[in-house]
Amino acid sequence: MKAIPCAARAYILGTALLAGACFAPVAYTAGTPWHAVVPLAALYALCESPALIRRRRPRAASRPADDAAPIAAGSFFPVLLAAAFLLPPAAAALVAVPGALLGHVERRPYAARRVWRAAQLALAAWAAARAQTAFGGPVALGGGGYGLTTPDFPYVLLPTAAAALAFCLVLAALDGGILATAEGVPPRGAWRGLLPRSLAAHGVHALAGLMMAVLWRSPYGPLSSLFVLLPMYISCWVFAQYHRERAAHQATIRALVQAVDIKDKYTRGHSERVGRASAMIAAELGMDRDRLEVLRFAGILHDVGKLGVPTRVLRKDGPLTPQERRVIELHPEYGHEIVRGIAFLGEARSAILHHHERMDGSGYPYGLAGDEIPEFARVVAVADAFDAMTSTRSYRRARPVQAALAELRRCAGTQFDPEIVGAMVRALARHGWETTVTADEGGGGRAVLGAPRPSAPASASAGRRGGTP
């Protein structure tokens, strides 16, 4: 268990004390609407309880670990925002506390994380209630002012937006603080992007909370407000299912890559870097997020066929014989056979099979040329060659990045797709690149970048390790 830094302890304690000061007035203020506070607090706690029950439920040995994955945090913020619309600020803050203390916590220390979550949500609910009150929310919701006894649409949307913004601002501000104090994120980057990423989601939560508040006060009574939660629950269940499936995909890929790394000590870490470089190229080419992710998988798994190559050939220190070279050149076909049944890989499977084809048709295994080579395979070929040239291995030193790029440009049109080489050059200019030692003895530090060798093309050592330089 990672110890909580002193700065984070002080930050959590200060946040908890501030939250306590926000909801403390309910203890001595007359007229607190307990008839609404208790049901809303119980409803929020009940909404969070499935994750707790699922985590504690005994699990059979055959059941996957992801089967107990909780519903995503934030799933039931509409309940808290409904409380902000219906209750005074102190009472709205109190509604968040039981559910946050009972909710699922992924990592230790559990107690500190629960206290932090309760304090954070209490402050956010308090701020949302204050904001909507400042913009006339109680009156616009039909609280009786100015003769209004029913919600005043569309004016009620103004306090709703104010509440959503306040809720979002408090959560983002507090999350940035915990990132800076507990995770050591530099202050300049701790808050970066937190607010823009959450505005849309919290806006939807606020609208759902508004509809809950409207139904709560309607002639149909509080029970009718539960209908708003049903679609939210369904959407969160779908979201959780998606993340369980994604986790299973990642676990499958990790297992395959680890097996390759154990077998071929000369290219340890190479797969992950090829996946990263492939994703950089895909982004530069304007691929959508789904295709980019599949292409990253293709880069990571491009050498999985080495599992079918004898270890003595992969680890041979001397030159390979023609027969051993032919065995090495079978690894794309072996890889394609290994991943053929993994449906989620999609286009990645063709990249695994064809990433050693060349634009002039002299590659393997099928001698495809030009546009006959799948786009994913052309991308992985460039990423593979670039990382191989810029990584130090036991049998030769790395080339500088600029020397590797010059070699890619020289081979563009014969070995590599010129458009993809250009995308690689632009991506590196934009993001840079850090190479690491990949030899078994080299550890994980930066590579010692050697001078470029006046040698032949990037594929000149194709017989060395399966076509990588």
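Colleague: Is Ile234 buried, partly exposed or exposed in this one?
Modeller: In this predicted model, Ile234 is partly exposed, because its relative accessible area is 46%, and that value falls between the 20% limit for buried and the 50% limit for exposed.

Colleague: Where does Ile234 sit in the chain?
Modeller: Ile234 has its place in helix H10, which covers residues 226-263.

Colleague: And which residues make the nonpolar surface patch?
Modeller: That patch is made by Leu230, Tyr233, Ile234, Trp237 and Val238, and together they give a nonpolar surface of about 480 Å².

Colleague: Switching topic, where does Pro151 lie?
Modeller: Pro151 is found in the loop that runs between helix H6, residues 137-140, and helix H7, residues 157-182. Pro151 is partly exposed, with a relative accessible area of 26%.

Colleague: What is Pro151 in contact with, leaving aside its neighbours within four places in sequence?
Modeller: With those neighbours set aside, Pro151 is in contact with Ala140, Leu141, Gly142 and Val214.

Colleague: How far apart are Pro151 and Ala213?
Modeller: In sequence they are 62 residues apart, while in space their C-alpha atoms are 9.9 Å apart.

Colleague: Now the whole chain: how many helices and strands are there?
Modeller: The protein chain has 19 helices and zero strands, and of its 469 residues, 49% count as buried.

Colleague: What about contacts between residues at least 6 apart in sequence?
Modeller: Among those contacts in the protein chain, 71% join residues that are at least 24 apart.

Colleague: Last one, what does the accessible surface come to?
Modeller: For the protein chain the accessible surface is about 22000 Å², and 62% of that belongs to carbon and sulfur atoms.

Key: Residues are numbered from 1 along each chain as its sequence is written. This is a predicted model: local features need pLDDT of at least 70, side-chain atom pairs count only at pLDDT 80 or more; totals for chains, interfaces and linings use all residues. Side-chain values use heavy atoms; hydrogens and water are left out. Helices (H or I, at least four residues) and strands (E, at least two) are DSSP runs, numbered from the N terminus. Buried means under 20% relative accessible area, exposed over 50%, partly exposed in between (1.4 Å probe, protein chains only). Contact means heavy atoms within 4.5 Å. Accessible areas come from the Shrake-Rupley method with a 1.4 Å probe; for residues, only the protein chains shown count as cover. Patches are made of residues with over 30% relative accessible area and no salt bridge: like charges are joined within 9 Å, nonpolar side chains (Val, Leu, Ile, Met, Phe, Trp, Tyr) within 5 Å. A salt bridge is a side-chain nitrogen of Lys or Arg within 4 Å of a carboxyl oxygen of Asp or Glu.
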